[in-house]
Amino acid sequence: MLFRGVNLKEELEREREGPAAQPGLLLAEAREILDKSLQNDHEIMERLKKGRGRDTVIEPVMLPEQEQGNIFHVSHIRNICVRYRLRFLDTKFFKGDYPYEALRKIAGLERKYNIKIQQFKVVAPTRLFNLIDPDKDPLLFANLGNDRYYLLHKWGNDMPWYRKILAWPLRNINTLFITLISFALLVSLSVPKELLVLSSEFYDQIYVFRILFLLQLVIGGFFVLVYIGLVRNKWLSESEWNNKYLR
């Protein structure tokens, strides 16, 4: 009724549960949620920096079908690393900073599926495992076991289009020798015959001199590559992509 009497007990209870009491309660709840979130972020960051322990056993994690688009087999990751001359290493070797969004994605994944990731790994150029370089573009993965990795986050700038071309000679021993022989052949064919043959009477045999010059270039290039590999510690991508001993 419009003019019903006022029940003080009901008013008192309504006052206790109403808006007047809510700000303090909501503030306390918000503070508690924030504290838990900060604590969780700190714990995740510790796992990222500490990396996988020697005795840590990776228990296989199965995620639902909708997450399969973010899951990659180690063979796929290896191929990308070899193609673009990148490293795939435990996060304890990573020298860069992790964006806050990456921490939130880890926390969200673990909370959503009630799991705890035991190991994180990063795909990045070797330079990012030696010093901080914010202009590179690392990929953060969670190890799901059975050689499966979940792509959590990518940050930084895009990789230049020509990196694949520059990295091609150092993919493996085959690409290295193809590059060496191709370069030597191009140089030997480009050199004027006057520089290869001192007397014009041998011009009709110029192909012989070009072949000899080609062999000299190949042998010389081979020793240069050996020098770079042994002295400058530059090795082929197929053997370096997951090598933790950085160069």
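This is a predicted model: local features need pLDDT of at least 70, side-chain atom pairs count only at pLDDT 80 or more; totals for chains, interfaces and linings use all residues.
Residues are numbered from 1 along each chain as its sequence is written, and side-chain values use heavy atoms, with hydrogens and water left out.

**The sheet**

Select strands β1 to β5. Helices (H or I, at least four residues) and strands (E, at least two) are DSSP runs, numbered from the N terminus. The five strands form an open sheet in the order β1-β5-β4-β3-β2, with antiparallel pairing. Its edge strands are β1 (71-73) and β2 (87-90), each of which pairs on one side only. Two strands pair if DSSP finds at least two bridges between them. On average, and with direction ignored, neighbouring strands of this sheet are turned by 35 degrees against each other. Axes are lines fitted to C-alpha atoms, for helices over the stretch in contact, and angles run from 0 to 180 degrees between N-to-C directions.

Helix α4 (residues 100-113) lies across β3, β4 and β5, running at about 140 degrees to β5.

Select residues 148-154, which make up β5. Five of its seven residues are buried, so β5 is largely enclosed by the rest of the structure. Here buried means under 20% relative accessible area, exposed over 50%, and partly exposed in between (1.4 Å probe, protein chains only).

On one pairing, β4 (residues 139-145) joins β5 in the antiparallel sense over six bridges. The two strands form a hairpin with two residues between them, and N146 in the turn has a positive phi of about 55 degrees. In the other pairing, three bridges join β1 to β5, again antiparallel.

**Tyrosine 150**

Which residue has Y150 as its bridge partner in β5? That residue is A142. Y150 is buried, with a relative accessible area of 8%. Its side chain makes a polar contact (a pair of N or O atoms within 3.5 Å; within protein, one must be able to donate a hydrogen and the other to accept it, and residues adjacent in sequence count only if both atoms are side-chain atoms) with the side chain of E67, at 2.6 Å. Y150 and I71 are 79 residues apart in sequence, yet 4.4 Å apart in space, C-alpha to C-alpha. Beyond neighbours within four places in sequence, the residues in contact with Y150 (heavy atoms within 4.5 Å) include L63, N70, L109 and L144.

**Aromatic pairs**

Select the Phe, Tyr and Trp rings. Rings (for Trp, the six-membered one) pair if their centres lie within 6.5 Å; planes under 30 degrees apart count as stacked, over 60 as edge-to-face and the rest as tilted. Ten such pairs are found in the whole structure. F94 and Y98 form a tilted pair, 5.3 Å centre to centre with 45 degrees between the planes, and both residues are buried. The ring centres of F222 and F223 are 5.7 Å apart with planes at 75 degrees, so this pair is edge-to-face. F222 is partly exposed at 37%, whereas F223 is exposed at 53%.

**Helix α7**

Finally, select residues 173-190, the 18 residues of α7. Its buried residues are T175, L176, L180, A184 and S188. N172 caps the N-terminal end, with a side-chain oxygen 3.0 Å from the backbone nitrogen of N174.

Definitions and conventions:
The expected span of a helix is 1.5 Å times one less than its number of residues.
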